[in-house]
Amino acid sequence: MSGPHPLTQGWLVPFAPVGERPVLVCLPQAGSGCGAFRSWQEHHDDVSVVGVQLPGRENRFTDEFDGTFADAVAEIVAALTAAVPSGLPIVLFGHSLGGLLGYEVARALPNPPDALVVAASRPPHLSGRVAGSMGAADGVATATNLLAGKELDDDVRELVLEVLRQDAELSATYTDPAGAPVPCPLHAWGGAADEVVTAEHVGGWAPYADRTFHTRQFAGGHDFCLRAPEAAAAARALLTASVSHSMSPSMSQSRQGV
């Protein structure tokens, strides 16, 4: 592929051409666009970073979406299937609400990803309309508290709140698939100072691992993965491990049959 995929203006925003390098798919937190991960591409030019862009933000500011959480997952899966050549190593990285999306995308992709990382994300059984989650009655208020310490002018703050409201409505349509596991290694990461998603929440992902399960704590709060360079480096390391694994004789044969 010689340039950015046509889906740049849709559900995916490739920050580099997709076609030869391993792919790191980044799903942002509620109230945010995938532009938050652009710097990951700048620091790791041996991978292709692809952002997932929900409607109503950044380059999709005027786009509306009346579908459910399941509908959004179907759109993302269709976009990734069209944009990423079969057989390329691919890791899904989801931040907060993006982790829940990543979990469902990992289960729905025709070919399982090499790994799923859920960062600062509540497990499925504590999501949807469950108390304390984004889709609960007080979900927007909880998310709004995260903005309290950020220096935003009134217009920007209102725009972010509107996107948070949209994401809360989307989250409220989520239904836990009774603990269905993901068909790939599962990595649950948390911020040591995160008061929204605790270490207990991070550990709550364990039942959703069908293969290996790893947890890791980073310094920082709910936005640790956007502030700590170690998080981006760790995600890239998972891709590097996937490439090494795929180059083994047995894996090379299996990938040729994908």
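1. Of the 258 residues in the protein chain, 50% are buried. The model is a predicted one, and its secondary structure comes to nine helices and seven strands. Among contacts with a separation of 6 or more in the protein chain, 77% are between residues 24 or more positions apart.

2. The seven strands form an open sheet in the order 1-3-2-4-5-6-7, and the pairing is mixed. Strand 1 and strand 7 (213-218) are the edge strands; each has a single partner strand, so one side of each has no neighbour in the sheet. From one strand to the next the twist averages 20°.

3. Strand 3 (residues 48-52) deserves a separate look. Three bridges pair strand 3 with strand 1 (residues 12-14) in the antiparallel sense, and V13 has G51 of strand 3 as its bridge partner. With strand 2 (residues 23-27), strand 3 runs parallel and is joined by four bridges; here L24 has V49 of strand 3 as its bridge partner.

4. Are the residues of strand 3 buried or exposed? Five of its five residues are buried. In a regular strand, side chains alternate between the two faces of the sheet. In strand 3 both faces are covered, with S48, V50 and V52 buried on one side and V49 and G51 buried on the other.

5. Helix 3 (residues 97-108) lies across strand 2, strand 4 and strand 5, and runs at about 145° to strand 4. Helix 3 has 12 residues, and its first and last C-alpha atoms are 17 Å apart, close to the 16 Å expected at 1.5 Å a residue. Because 10 of those 12 residues are buried, helix 3 is largely enclosed by the rest of the structure. The buried residues are L97, G98, G99, L100, L101, G102, Y103, E104, V105 and A106. Their cover includes strand 2, helix 2, strand 4, strand 5 and helix 5 (154-171).

6. Helix 5 has 18 residues, which should span 26 Å at 1.5 Å a residue; the end C-alpha atoms are 25 Å apart, in agreement with that figure. The buried residues in helix 5 include V160, L161, V163, L164, D167, A168, L170 and S171. An α-helix has 3.6 residues a turn, so residues three or four places apart point the same way.

7. The structure holds 11 aromatic pairs. In one of them, the rings of F37 and W40 have centres 5.0 Å apart and planes at 85°, so the pair is edge-to-face. F37 has a relative accessible area of 1% and is therefore buried; W40 also counts as buried, at 5% relative accessibility. F37 forms an edge-to-face pair with F93 as well, at 6.0 Å centre to centre and 70° between the planes. This pair links distant parts of the chain, since F37 is in the loop between strand 2 and helix 1 while F93 is in strand 4, 56 residues apart. F93, like F37, is buried. Ring pairs link F37, W40, F93, W189, F218 and F224 into a cluster.

8. Which backbone angles should be checked? Most residues other than glycine have a negative phi. A120 has a positive phi, near 50°, and sits in the loop between strand 5 and helix 4 (139-145). A178 also has a positive phi, near 55°; A178 lies in the loop between helix 5 and strand 6 (186-191).

9. Is each of these two alanines buried or exposed? A120 has 0% relative accessibility, so it counts as buried. A178 has 75% relative accessibility and therefore counts as exposed.

Definitions and conventions
Residues numbered from 1 in each chain as written. Predicted model: local features only at pLDDT ≥ 70, side-chain atom pairs only at ≥ 80, totals over all residues. Heavy atoms only, no water. Buried < 20%, exposed > 50% of the residue type's maximum accessible area, 1.4 Å probe, protein only. Helix = DSSP H or I, 4+ residues; strand = E, 2+ residues; numbered from the N terminus. Pairing = 2+ DSSP bridges. Axes fitted to C-alpha atoms, helices over the stretch in contact; angles between N-to-C directions. Contact = heavy atoms within 4.5 Å. Expected span 1.5 Å × (residues − 1). Phe/Tyr/Trp six-rings, centres within 6.5 Å; stacked < 30°, edge-to-face > 60°.
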